[in-house]
Amino acid sequence: YGEYVGLATLPNQVQRKSVKKGFEFTLMVVGESGLGKSTLINSLFLRDLYKDRTLYEVQEKVYQTVAITKKTVDIVEKDIKLKLNIVDTPGFGDAMDNTKSCKAVVDYIVCQFEQYRRGEVRLNRKNIQDNRVHCCLYFISPFGHGLRPIDVEFMKALHEKVNIVPVLAKADCFTHSELQYMKTRILNELNDYRIKIYQFPECDPDDDELFKKQHLEMKTRIPFAVIGSDTTVESNGKRLRARCYPWGAVEVENPAHCDFVHLRNMLVQTHMQDLKDMTEDSLYENYRIAGNHSPPK
Ligand code: GDP
Ligand code: MG
């Protein structure tokens, strides 16, 4: 459990020339209100351990009737810079009409495609604003029996426009066997409903063994069971992010307790560039060639 989110391996994912400019990545969170989206984002990238790491651009945009907010955080580790944009969507399930909330999220993603497309067709393409969403963490409730109709509706509306990475929220609610059951059930349902989630690319035969092992380990954990917390505990002189219960502490970054570390490694260390490539070469490209470009509202 280091002090870093793991930017050090980012340069291995791309050509050197982009290293100097720094990296930029846009992550969206979607799911029912109260499932721990904000807490997880905090746990992933804004650890209180870093006093200097703060958000800016808070509440950039109110989108139609629903508030979709975009926040940005600059993370610098060992001279490597990442500008991380976090798009938070209105949690559905409360007062909001679910269909409206679904449409707002889809519109937002399409709008960013359209803005980029317009940038591309202009003569001066030097300063294209690229706000396209590279990954969507979709939060599945631990309290249902697998996917609920709203999850199916949401993911179906999103899966051709964004890389969906499903996460099982508040995984501290499950026993070992319940968790295995729930994961299997969710995977089966995603398959039955033909929902396309983000697929890891196959490993190259000449990838190193450690990477192959990590890759397999990650793949088999999907949907990632996640736990978030805003509090830390001290253990053997180290501060750990954890949730404290009367019977003990659940450690967020302990791979025996949940898949938090696998998710963070995937997002930052190993698959950030692939998520961007998939967005550019497949999802955006499909939008671009489809041709029915409606003006952003
Ligand atoms: P959001 O509405 O999805 O952004 O949810 P929040 O992050 O605001 O969290 C809602 C509530 O759930 C808060 O009281 C959190 O402390 C709690 N919570 C967040 N993450 C977890 C978790 O992993 N496990 C449990 N049991 N509770 C959590
Ligand atoms: Mg929230």
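This is a predicted model: local features need pLDDT of at least 70, side-chain atom pairs count only at pLDDT 80 or more; totals for chains, interfaces and linings use all residues.

Student: What's the strand order in the open sheet of three strands?

Tutor: The order is 8-9-10, and the pairing is antiparallel. Strand 8 (232–235) and strand 10 (248–251) are the edge strands; each has a single partner strand, so one side of each lacks a neighbour in the sheet. Neighbouring strands here are turned by 60° against each other on average, ignoring direction.

Student: How many bridges join strand 8 to strand 9?

Tutor: Four, with strand 9 covering residues 238–245. Glu234 has Arg239 in strand 9 as its bridge partner. The side chains of Arg239 and Glu234 also form a salt bridge, at 3.0 Å from N to O.

Student: Is Glu234 buried or exposed?

Tutor: Exposed, at 53% relative accessible area. Arg239 is partly exposed, at 42%.

Student: Switching topic: how many salt bridges are there?

Tutor: The count is 19. One of them pairs Arg117 with Glu114 at 2.9 Å, N to O. These two are three residues apart in helix 4 (residues 98–121), so about one helical turn separates them.

Student: And is Glu114 buried or exposed?

Tutor: Buried, because its relative accessibility is 1%, and Arg117 counts as buried too, at 18%.

Student: What about Arg288 and Glu285?

Tutor: Their side chains meet in a salt bridge at 2.7 Å, N to O. Both sit in helix 9 (residues 272–290), three residues apart. Arg288 is partly exposed at 34%, and Glu285 is partly exposed at 26%. Elsewhere, salt bridges with shared partners link Lys183, Glu217, Arg221 and Asp259 into one network.

Terms used:
Residues are numbered from 1 along each chain as its sequence is written. Chains are lettered from A and ligands numbered from 1 in the order in which they are written. Side-chain values use heavy atoms; hydrogens and water are left out. Two strands pair if DSSP finds at least two bridges between them. Axes are lines fitted to C-alpha atoms, for helices over the stretch in contact, and angles run from 0 to 180 degrees between N-to-C directions. A salt bridge is a side-chain nitrogen of Lys or Arg within 4 Å of a carboxyl oxygen of Asp or Glu. Buried means under 20% relative accessible area, exposed over 50%, partly exposed in between (1.4 Å probe, protein chains only).
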